[in-house]
Amino acid sequence: MHSHLHTKDNVGCEEIMNALDECHARGFLYKAVGGCNEIKREVNRCLSGERTKKSGRNRETGLQRRQRIEAVWAKMDDGDYSALEEFTGKKHVENK
């Protein structure tokens, strides 16, 4: 059983998830003898595809953030803390 099928991340699978809900509504015996198995496999394939897409988007976002942070670190290594100030929104204070 999938928890929280109908979420904003699974909008692409909405139609097939509704078909699974309708199949389950036919009753326990229909489910018990495997009447919904093929639809469930389709839901699994669809959810896997959606998860793969989301994972790719998250990976790309993470790489962009990492590049931004590494650029700030490079400037800090050169003694330029203005990029850090822009990044954090706080003024850098030298420790004495």
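Guide: A salt bridge is counted when a side-chain nitrogen of Lys or Arg lies within 4 Å of a carboxyl oxygen of Asp or Glu. Please keep in mind that this is a predicted model.

Visitor: What makes the meeting of Arg 66 and Glu 70 a salt bridge?
Guide: The N to O distance between the side chains of Arg 66 and Glu 70 is 2.8 Å, and the cut-off is within 4 Å, so the pair qualifies as a salt bridge. Both residues lie in helix 3, where they are four residues apart, about one turn of the helix.

Visitor: Why are Arg 66 and Glu 70 called partly exposed?
Guide: Partly exposed is the label between the two limits, buried being under 20% relative accessible area and exposed over 50%. Arg 66 has 44% relative accessibility, so it counts as partly exposed, and Glu 70, at 38%, therefore counts as partly exposed as well.

Visitor: How do you know that Glu 38 and Arg 41 form a salt bridge?
Guide: The closest N and O atoms of Glu 38 and Arg 41 are 3.1 Å apart, and because the rule asks for a distance within 4 Å, this pair meets the rule. Glu 38 and Arg 41 are also linked with Arg 45 in a network of salt bridges.

Visitor: Why are Glu 38 and Arg 41 separated by about one helical turn?
Guide: They are separated by about one helical turn because they are three residues apart in helix 3.

Visitor: Why is Asn 10 called buried?
Guide: Asn 10 has 13% relative accessibility, and so it counts as buried. Asn 10 is found in the segment before helix 1, and, leaving aside residues up to four places away in sequence, it touches His 4, Leu 5, Met 17, Leu 47 and Glu 50.

Visitor: Why is Cys 46 called partly exposed rather than buried?
Guide: Cys 46 has 21% relative accessibility, and because buried means under 20%, Cys 46 counts as partly exposed. Cys 46 lies in helix 3, which covers residues 37–77, and, not counting residues up to four places away in sequence, it touches Gly 12, Cys 13 and Ile 16.

Visitor: What makes Glu 86 exposed?
Guide: Exposed means over 50%, and Glu 86 has 68% relative accessibility, so it counts as exposed.

Visitor: How many salt bridges does a search of the whole structure find?
Guide: The search finds four salt bridges.

How values were computed
Residues are numbered from 1 along each chain as its sequence is written. This is a predicted model: local features need pLDDT of at least 70, side-chain atom pairs count only at pLDDT 80 or more; totals for chains, interfaces and linings use all residues. Side-chain values use heavy atoms; hydrogens and water are left out. Helices (H or I, at least four residues) and strands (E, at least two) are DSSP runs, numbered from the N terminus. Buried means under 20% relative accessible area, exposed over 50%, partly exposed in between (1.4 Å probe, protein chains only). Contact means heavy atoms within 4.5 Å.
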